[in-house]
Amino acid sequence: MARLNLLEETRYEKLPVSVFPDEHLASKSVAKRISNLITKKQKEGIPTVLGLATGATPVEVYQELVRMHKEEGLSFKNVITFNLDEYFPMQPTAPQSYVTFMNENLFDHIDILKENIHIPDGTLKKEDIAAFCLDYENKIEELGGLDLQILGIGRTGHIGFNEPGSAPNSGTRLVTLDDLTRRDASRDFGGKENVPTKAITMGIGTIFKAREIILMAWSKKKASIIKKAVEGEISGNVPATYLQHSDKVEFILDTEAASELTRFNTPWLVKDCLWDDRQIKKAVIWLSSEIGKPILKLTDEDYNNNGMAQLATEKGPAYNINIEVFNNLQHSITGWPGGKPNADETQRPERSEPAHKRSLIFSPHPDDDVISMGGTFIRLVDQGHDVHVAYQTSGNTAVWDTDVLRYVEFAIDFNKSMGDDTKRLEAIYEEMRSFLKSKQPNEIDLPEIREVKGFIRKSEAFAGARFAGLADKNIHFMALPFYETGKTVKNPVTEKDVLLTMELLQKIKPHQIFAAGDFADPHGTHIVCFRIIIEAMNRLRKTEAWTKDCWLWMYRGAWLEFETHEIEMAVPLSPQEVDRKRKAIFQHQSQKDHPVFPGDDEREFWVRAQERNRETAINYHKLGMADYEAMEAFVRWKF
């Protein structure tokens, strides 16, 4: 019976999928399977032939294999590896090369024989590539084929660098990279313009010959393409769908990457559900959106015709369900994000007491506060709360080099106008110009350049917070050490990051905290900063009484927005407040027009924020709520 239930639950899925609570457990599981395979083949006296992938996805798998080698004696002397791909052209010593990646993450830490390592050669002459690719294929075949192929998946649906349009029987070859693939790689190269346009990749046909194939994917960013690959029709537009033809493949996902699969996203379509309030709210909002009716107009027939008969039967009639969900949504809307004094707080997302709260807004980058919750920020100040903002990082990697020269030129002229000696400043300026003239992509800036970039972001943050009405004494710059590497890749979080955060929290003792819960941030800074806050609060909750009455609200907006069913507090903005928010964002001039790291959304940050806030309001209106100009959305974190 359990097996029948599972088949029903996964009937939309066209290949095997295993879902783990997080990427750490998933990675350990994959590493264990690789270890078992190597051990088994060693006992048989034959080599293990592995197909390996690069990118962020397999990093923890490699870390676990290294640990097994050092602590458990796992040997790789009998392992032969073939990597999926390499950029072209690419020097093997370049930081972005997959030779460097594999050495740093695996090969340099295990006892594999160098002659057993095979990675496509990015230094070849173009006329020699075809012969190299044929030889690559022949070497794999001579060894009896790949025992196990590890794959990631790109947001275009590529496996290896088999971009949309790749043939299912393709072999190792030179390919042209999709623009989205190059945008995703731009951070590693210091800009998309520096990303190679081509790569050498194993073909889909080559991958298919492996005796076992594991495709791994982590995070919400991969959820939409995973749904297409697992549940969609087989199409050259999504090369990973070709894996549906194989009986040797398994997708291994974390819960976030699996979140859009039918059994997780709309489980009522495939099984009977346990209908708690959260699931009911999600299902009713889905139904309303699916058939284009406001919530209060949904009927029992609508429920029955759209896979929700069980809900109508168990919790119905439909109208009662509709009223409950409608009221829940209505009560999430508040013009008082700090709580409305002398109001019935059972009908509002925030407490009415104390009437004037200490509110602490954590901003990972120096502009996330106004971009993501600028309207709420301004309203909290206007309503008399003791508002503080804490900029967790300097944001100094996200400033154009030309801005540095412009600001230093201004400083020189200003000092001259004051009659000050500028020789030292001019010497530093010339040193900066010389460095920037020959600067390589992703090369670490001179300390003086990093400082100026930090000063630019700091001055803009001051301007934005002041525009929101904040006094200078309530503006805090934390400069958390993990960020200050001068590189896009940051250091691991240390005790100092946590202690600095605890110190600020103890100083302010906030009644409410606002923190970025926008984990789609391509820099990865948001989730690191959020985890630091949570660790700091968890420690303080053991000894500090005030923490028991401190609520934490997560905001989004710079990269993604919350789904409507997730929102627990929606703050409506008038046209005038939208305009004030936009002007607060404009104070961050270094991020206007074209920021250094725009992610895959080319819109300016103020445009993203304005359109997302408007979309949230439209979604509420379609469900039957009032038609507000815009809304900022929040979800409460439960300690």
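Predicted model: local features only at pLDDT ≥ 70, side-chain atom pairs only at ≥ 80, totals over all residues.

**The open sheet and its surroundings**

Modeller: Seven strands make up an open sheet with parallel pairing, in the order E1-E10-E9-E6-E2-E3-E5. Its edges are E1 and strand E5 (117–118), each of which pairs on one side only.

Helix H8 (residues 223–231) packs here. Its buried residues are Ala223, Ile225, Ile226, Ala229, Val230 and Glu231. An α-helix has 3.6 residues a turn, so residues three or four places apart point the same way. The buried residues of H8 pack against strand E1 (17–20), strand E9 (213–217) and strand E10 (249–254), and also against helix H9 (262–265). Of these strands, E1 is an edge of the sheet, and E10 and E9 follow E1 in the strand order.

For a loop position, take Thr93, located between strand E4 (85–88) and helix H4 (98–105). Thr93 counts as exposed because its relative accessible area is 71%, and the cut-off for exposed is over 50%. From Thr93 to Leu296 the separation is 203 residues in sequence and 63 Å in space, C-alpha to C-alpha.

E14 is mostly covered, with five of its five residues buried. In a regular strand the side chains alternate between the two faces of the sheet. In E14, Gln512, Phe514 and Ala516 point one way while Ile513 and Ala515 point the other way, and all are buried.

E14 has two pairings to describe. Strand E11 (residues 358–363) runs parallel to E14 and is joined to it by three bridges; in this pairing, Leu360 has Ile513 of E14 as its bridge partner. Strand E15 (residues 551–555) also pairs with E14 in the parallel sense, over five bridges. There, Ala515 has Met554 in E15 as its bridge partner.

Thr501 sits in helix H18 (residues 495–508). Its relative accessible area is 0%, so Thr501 is buried. With neighbours within four places in sequence left aside, Thr501 is in contact with Phe362, Met478, Leu480, Ile532, Ile533 and Ala536. One of these, Phe362, falls within the range of E11, residues 358–363.

Now the whole chain, for scale. It has 21 helices and 17 strands. The radius of gyration is 27 Å, close to the 26 Å that the globule rule gives for 639 residues, so the chain is as compact as a globular protein of that length. Along the principal axes, the C-alpha trace spans about 85 × 80 × 45 Å. Buried residues account for 54% of the 639. Among contacts between residues at least 6 apart in sequence, 75% join residues at least 24 apart.

As for the surface, the chain exposes about 28200 Å², and carbon and sulfur atoms supply 51% of that area. There are 81 positive and 96 negative charges, and their mean positions are 1 Å apart.

Notes: Residues numbered from 1 in each chain as written. Heavy atoms only, no water. Helix = DSSP H or I, 4+ residues; strand = E, 2+ residues; numbered from the N terminus. Rg over C-alpha atoms; globule rule 2.2 N^0.38 Å. Buried < 20%, exposed > 50% of the residue type's maximum accessible area, 1.4 Å probe, protein only. Contact = heavy atoms within 4.5 Å. Areas by Shrake-Rupley, 256 points an atom, 1.4 Å probe, with all protein chains shown as cover. Lys, Arg positive; Asp, Glu negative; His and termini not counted. Charge placed at Lys NZ, Arg CZ, Asp CG, Glu CD. Pairing = 2+ DSSP bridges.
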